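Colleague: I've got some questions about how the labels on this one were assigned. Can we go through them?

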Amino acid sequence: QVQLVESGGGLVQAGGSLRLSCAASGSIFSINYMGWYRQAPGKQRELVAGIHSGGSTNYADSVKGRFTISRDNAKNTVYLQMNSLKPEDTAVYYCNADVAHTINSRSYGYWGQGTQVTVSS
């Protein structure tokens, strides 16, 4: 099993910044992809940003230029630096990771418990 523990959420004023962290632990051989998703009340969960083990990244159009995803492969940790936050960024942010447990196994998707980000206007 794998556990993903997120931290760094909170309440911030519009224009402010937050940095989210997500650390993976457990039975991990490799993590190919790590991503951040968010879900606002009454809306579907959506991809915010993702990063592959080689460093390539992808972002939702709504956060490009404001958010930066990064990872520390040695620590199995992914980060999301969020700048110029807007009230519409308010949501529960979830970490996701595709984990291989052994050298020959397929990858399995895991989710964190979520961390609340609230941006006041």
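Here is our chat about the disulfide and one of the sheets.

Modeller: First, this is a predicted model, where local features need pLDDT of at least 70, side-chain atom pairs count only at pLDDT 80 or more, and totals for chains, interfaces and linings use all residues. Residues are numbered from 1 along each chain as its sequence is written, and side-chain values use heavy atoms, with hydrogens and water left out.

Colleague: Why are C22 and C95 called a disulfide?

Modeller: The label needs a pair of cysteine sulfur atoms within 2.5 Å. Those of C22 and C95 are 2.1 Å apart, so the pair qualifies by that definition. The whole structure holds one disulfide.

Colleague: What does the pair tie together?

Modeller: C22 is in strand β3 (residues 18-26) and C95 in strand β9 (residues 91-100), so parts 73 residues apart in sequence get linked. Strands here are DSSP runs of E, at least two residues, numbered from the N terminus.

Colleague: Is C22 buried or exposed, and how do you know?

Modeller: Buried means under 20% relative accessible area (exposed is over 50%, partly exposed in between; 1.4 Å probe, protein chains only). C22 has 0%, so it counts as buried. C95 is also at 0%, and therefore buried.

Colleague: What makes β1 and β7 edge strands?

Modeller: The open sheet runs β1-β3-β8-β7, with antiparallel pairing. β1 (2-7) and β7 (67-72) each have a single partner strand, so one side of each lacks a neighbour in the sheet.

Colleague: How do you know that β3 and β8 pair?

Modeller: Pairing takes at least two DSSP bridges between two strands. β3 and β8 (residues 77-82) have six, in the antiparallel sense, so they pair.

Key. Helices (H or I, at least four residues) and strands (E, at least two) are DSSP runs, numbered from the N terminus.
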